[in-house]
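User: I'm new to this one. Can you walk me through the spaces in it?
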Amino acid sequence: MSSVRATQPPEPQKPWTPPPGATELILARHGASADAIEGEPFEMLEGRGNPPLSPLGERQAELLAGRLASARFSRLYVTPLVRTQQTAAPLARATGLEPVVVADLVEVSLGQWSDGEYRLRVARGDPTVGRVHRQERWDLIPGAEAKEVFTERIHRGMRAVALQTGPDRAAVCVVHGGVIAEVLHQLLGCMPFAFVHVENASITRVVRLADGRWRVRCFNDTAHLAALSR
């Protein structure tokens, strides 16, 4: 007597979805800001350079809004600096959400180099810039924010926006490259500058689980910016 083995239909691979009680934070870096020009320092806000978006940055902001406008999220966060607020503006118009300013997620202070001097020194190959990247700490720059202060501030800010957003919800946070790098450093336990090269208007997704643990979904997604290279 022959036996016939019952076969089960194949199980298709399903897209990942946040588990119950999780909160997803979509971290978008601001668009490109105005160029640093020798002898024309940026305006300052609370000890940080506060340049507006460049025309390229404005276009990047529109493309970012086009990418995220249909995503399911209930809150929109920005920092005190104008480049994040200008980047978020097209998305705010498309969704009707009012951006909420989160001071703790503002960019690391570069002290005496905050007014555009950092970019100029990078272009000149300043040896201190090399030491900053080799030792992976911004506070080698004169007057820059202490590493421990920056670390604690970003930890506090991320926890706050996750709790404010709430479980089973998502939020978009338009922040800064140094902030995104620090978030991933903290969540992954990697070297501090492992993710420091964050593209303007890119998307990084992180998830806070119901038990307080974090997961990283993606980093530096720029698919929506492809039109700029055509």
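This is a predicted model: local features need pLDDT of at least 70, side-chain atom pairs count only at pLDDT 80 or more; totals for chains, interfaces and linings use all residues.

User: OK, how much space lies in the largest pocket?
Analyst: The largest pocket holds about 750 Å³ of space.

User: Which residues are closest to its centre?
Analyst: Arg29, Glu107, Leu110, Tyr118 and Arg119. They are among the 29 residues that line the largest pocket.

User: And which element gives the most to that lining?
Analyst: Helix H3 does, with 3 residues. Strand S3 (48-49), helix H3 (117-124), helix H4 (127-135) and helix H6 each supply at least two lining residues.

User: What's the lining of the largest pocket like by class?
Analyst: It has 13 nonpolar, 10 polar and 6 charged residues.

User: Switching topic. How many cavities of 30 Å³ or more are there?
Analyst: The count comes to 1. About 120 Å³ of space lies in the largest cavity.

User: Which residues sit closest to the centre of that cavity?
Analyst: Trp138, Lys147, Phe150, Glu182 and Phe193. The lining of the largest cavity has 15 residues.

User: Which elements give two or more residues to it?
Analyst: Helix H5 (147-165) and helix H6 (177-188). Helix H6 also supplies at least two residues to the lining of the largest pocket.

User: And how do the cavity's lining residues divide?
Analyst: Into 7 nonpolar, 2 polar and 6 charged.

Methods:
Residues are numbered from 1 along each chain as its sequence is written. Side-chain values use heavy atoms; hydrogens and water are left out. On a 1 Å grid over the protein atoms alone, a cavity is a set of points where a 1.4 Å probe fits but cannot get out, and a pocket is an open set with protein on both sides within 12 Å along at least five of seven lines; lining residues have an atom within 4 Å of a point. Grid points are joined across faces, edges and corners, and a volume is the space filled by probe spheres set on the points. Helices (H or I, at least four residues) and strands (E, at least two) are DSSP runs, numbered from the N terminus. Ala, Val, Leu, Ile, Met, Phe, Trp, Tyr, Cys and Pro count as nonpolar, Asp, Glu, Lys and Arg as charged, and the others, Gly among them, as polar.
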